[in-house]
Amino acid sequence: MMNKKRKPTRFTGLSDEDKDLTMFTITNLTLTEEDDMVHVALKLKRKVVTELLTTYLPTILLLLITLVTIFFDKDLFGDAIAVNLTIMLVMTTIFISKIEELPPTSDMKFIDIWLIFCLIVPFLEVILRTSIECVNCSCQICEKGGDAIQEASSGEV
């Protein structure tokens, strides 16, 4: 590399501020001059901590909340469903923002798989909690059997 006085300078002479970018850090920089052209080669390193703190940590905490709803009392059925549906909405927001932020590719990325998994877990919790509630149901429709369901669907009372 050359400084303003056209004297060569080394990459190691750059300050940390010059090497630090928003999402990457420059680990190596080479300049070569051939004929009337200058070739620049950059080696970048991704900042993993940022991704861990903005994506993986919040989703893990939301998954933990989803798993805690398993231990809610059966009388709190509505609350457990509300918590899981809210978590699904938050996960969807995180998923959409990350998909828009990343460059489009035809292949699945690990973050896509992780975020889809994070969407499926609260959905399955809602389905399982609802099915358990239906099996243990003691409402009038369930106690009368299939005849009451058939009458209710035909409009006869």
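R129 and E125 are both buried (buried is under 20% relative accessible area, exposed over 50% and partly exposed in between, with a 1.4 Å probe and protein chains only). The side chains of R129 and E125 form a salt bridge with an N to O distance of 3.7 Å (a side-chain nitrogen of Lys or Arg within 4 Å of a carboxyl oxygen of Asp or Glu). Both residues belong to helix α4, where four residues, about one turn of the helix, separate R129 from E125.

The model is predicted, and local features need pLDDT of at least 70, side-chain atom pairs count only at pLDDT 80 or more, while totals for chains, interfaces and linings use all residues. Numbering starts from 1 along each chain as its sequence is written, and side-chain values use heavy atoms, with hydrogens and water left out.

## Overall architecture

The protein contains six helices and two strands, in the order α-β-β-α-α-α-α-α from the N terminus. These elements are DSSP runs numbered from the N terminus: helices are H or I with at least four residues, and strands are E with at least two.

Of the 157 residues in the protein, 20% are buried. Among contacts with a separation of 6 or more, 47% are between residues 24 or more positions apart (a contact means heavy atoms within 4.5 Å). The protein exposes about 12100 Å², with 64% of that area supplied by carbon and sulfur atoms; accessible areas come from the Shrake-Rupley method with a 1.4 Å probe, and for residues only the protein chains shown count as cover.

## The β hairpin

Strand β1 (residues 24–34) and β2 run antiparallel and are joined by ten bridges; two strands pair if DSSP finds at least two bridges between them. One of the pairings links N28 to K43 in β2. The hairpin has two residues between the strands, and D35 takes a positive phi near 55° there.

Strand β2 (residues 37–46) is hardly covered, since the count of buried residues among its ten residues is zero. In a regular strand, side chains alternate between the two faces of the sheet.

## T59 in helix α2

T59 lies in helix α2 (residues 48–68). T59 counts as buried because its relative accessibility is 0%. Beyond residues up to four places away in sequence, T59 touches M91, I94, W114, L115 and C118.

Which polar partners does the side chain of T59 have? The side chains of T59 and W114 make a polar contact of 2.8 Å, and a polar atom of the T59 side chain lies 3.0 Å from the backbone oxygen of Y56. A polar contact is a pair of N or O atoms within 3.5 Å; within protein, one must be able to donate a hydrogen and the other to accept it, and residues adjacent in sequence count only if both atoms are side-chain atoms.

## K98 and the other salt bridges

The structure holds three salt bridges. Side chains of opposite charge can pair when their charged atoms come close. One of the bridges joins the side chains of E101 and K98, at 3.4 Å from N to O. E101 and K98 both sit in helix α3 (residues 77–101), three residues apart, about one turn of the helix. K98 is buried because its relative accessibility is 6%, whereas E101 is partly exposed at 44%.

K98 also makes a 3.5 Å polar contact with the side chain of T54. Not counting residues up to four places away in sequence, K98 touches E51, T54, T55, I111 and L115. The C-alpha atoms of K98 and D112 are separated by 8.7 Å, and the two residues are 14 apart along the chain. D112 in turn forms a salt bridge with K109, with 3.6 Å between the closest N and O atoms. D112 is buried at 7% relative accessibility, while K109 is partly exposed at 24%.

## Nonpolar surface patch

M108, F110, I113, I116, I120, F123, L124, I127, L128 and I132 make a nonpolar surface patch of about 970 Å². Patch residues have over 30% relative accessible area and no salt bridge; like charges are joined within 9 Å, and nonpolar side chains (Val, Leu, Ile, Met, Phe, Trp, Tyr) within 5 Å.

F110, one of the patch residues, is found in helix α4 (residues 110–135). Is F110 buried or exposed? With a relative accessible area of 57%, F110 is exposed.
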